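Please look over the sequence and the model shown here before reading the notes on charged pairs and on one helix that follow.

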Amino acid sequence: MRLSLVELAATAADQSQTDALESALATARHADRIGLHRVWFAEHHTTVGVSSHSPEILIAAASRETRRIRLGSGAVLLNHHSPLRVAESFHQLEAMAPDRVDLGLGRATAGPLIDLALQRDRRSEPADDFDAQVAEILAYYHGGFFADDHPFRQLRLPPTPANAPETWILGSSGSSAGLAAALGVGYAFSAFINPRSAAAALQAYRKNFHPAAYGPEQPEAILSVNVAVADTDAEARRLAWPFRAFRQQLGRVGFAAAAPRLAEAERMLTDAQKEEPTVIVDDRWPLQLAGSPSTVRDELEKMISASGATEIMIHDLVTEQEARLHSHALLAEALAVTP
């Protein structure tokens with residue numbers, strides 16, 4: 001089973017963005033050493049608690065500090081970008097790190113004001129043209145998607161690198177599963193946002209997958225789980241608290257929320273919030289998975305069996321770097337991941 005990581009560059013109130021980004025790159029180096037398959041950098045805008053705003057910049061930086069791990073976006077939010085601009089950027093990244101670059105594509109709203117600020121043409125209403133945007137990017141890389149009379153047919157990327165980035169579609173509702181299956185590309189589901197729909201979405205993708213010449217021969221399905229691992233179940237459950245506290249802060253102060261330190265999260269949460277399930281109960285997946293290595297391994301095996309996932313991707317919001325890296329190493333060992 002492949003194990004990977006989505007990196008947010010979580011930023012505490014007492015931490016600078018510079019420090020958070022340095023920690024993110026250190027985490028990528030650690031992931032490379034312990035055998036994780038890929039690290040994807042997030043795209044979040046105007047969020048104090050998350051310093052990963054531009055995946056392309058962090059991919060470029062990480063490409064110089066790692067040797068084998070795949071590097072990608074989790075995700076480029078296409079509703080804020082031109083398909084040609086995205087295709088060019090990741091073509092260039094592939095030239096910098098040959099056969100190591102993933103282009104993860106998604107869509108999300110950060111609210112009307114931020115979406116408007118990110119919009120190039122502010123005179124028109126935003127359009128939901130995600131499917132067409134994905135097809136356009138694939139056309140720049142692989143051809144075959146533009147009609148004969150389409151003006152973009154004449155656009156060509158440079159002839160090198162010879163290979164295009166791996167293209168993935170990311171989702172959290174299941175609505176993109178059909179698109180990923182029809183196009184024959186990889187699909188990643190964010191169970192840390194919507195655990196109830198994860199298994200059904202990944203199974204639907206696998207059932208309807210049609211291979212394409214430019215994609216994998218078999219469906220590749222990533223299950224992204226918010227997971228914390230420690231030497232004991234009790235300590236791991238404590239590591240889950242910052243993510244809960246951060247979500248609570250987002251609801252209260254919006255994008256001004258910083259990522260809480262562990263001690264701060266302990267003060268913020270009620271006893272009931274601290275005791276929310278971190279394992280599967282009555283077939284209901286938790287928002288967070290936490291426990292000792294054996295506990296988490298057993299729970300992940302249930303999730304893999306139910307969803308057909310071919311890869312697990314770690315999501316977390318632990319600002320204590322030593323504890324975070326220890327969590328990643330324990331999980332890698334539990335899943336028999338080797339460098």
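D32 is buried, with a relative accessible area of 5%, where buried stands for under 20%, exposed for over 50% and partly exposed for what lies in between, using a 1.4 Å probe and protein chains only. This is a predicted model, in which local features need pLDDT of at least 70 and side-chain atom pairs count only at pLDDT 80 or more, while totals for chains, interfaces and linings use all residues. Residues are numbered from 1 along each chain as its sequence is written, and side-chain values use heavy atoms, with hydrogens and water left out.

**Salt bridges**

- D32 and R68 meet through their side chains in a salt bridge of 3.3 Å, N to O, the term being used for a side-chain nitrogen of Lys or Arg within 4 Å of a carboxyl oxygen of Asp or Glu.
- This pair links distant parts of the chain, since R68 sits in the loop between α2 (55–63) and β3 (70–73) and D32 in helix α1, 36 residues apart; helices (H or I, at least four residues) and strands (E, at least two) are DSSP runs numbered from the N terminus.
- R68, at 25% relative accessibility, counts as partly exposed.
- By this rule the count comes to 17 salt bridges, and R38, R70, D102, E166 and E311 are linked in a network of them.

**Within helix α12**

- E299 forms a salt bridge with K302, with the closest N and O atoms 3.0 Å apart, and the two residues are separated by about one helical turn because they lie three residues apart in helix α12.
- E299 is buried at 7% relative accessible area, whereas K302 is partly exposed at 45%.
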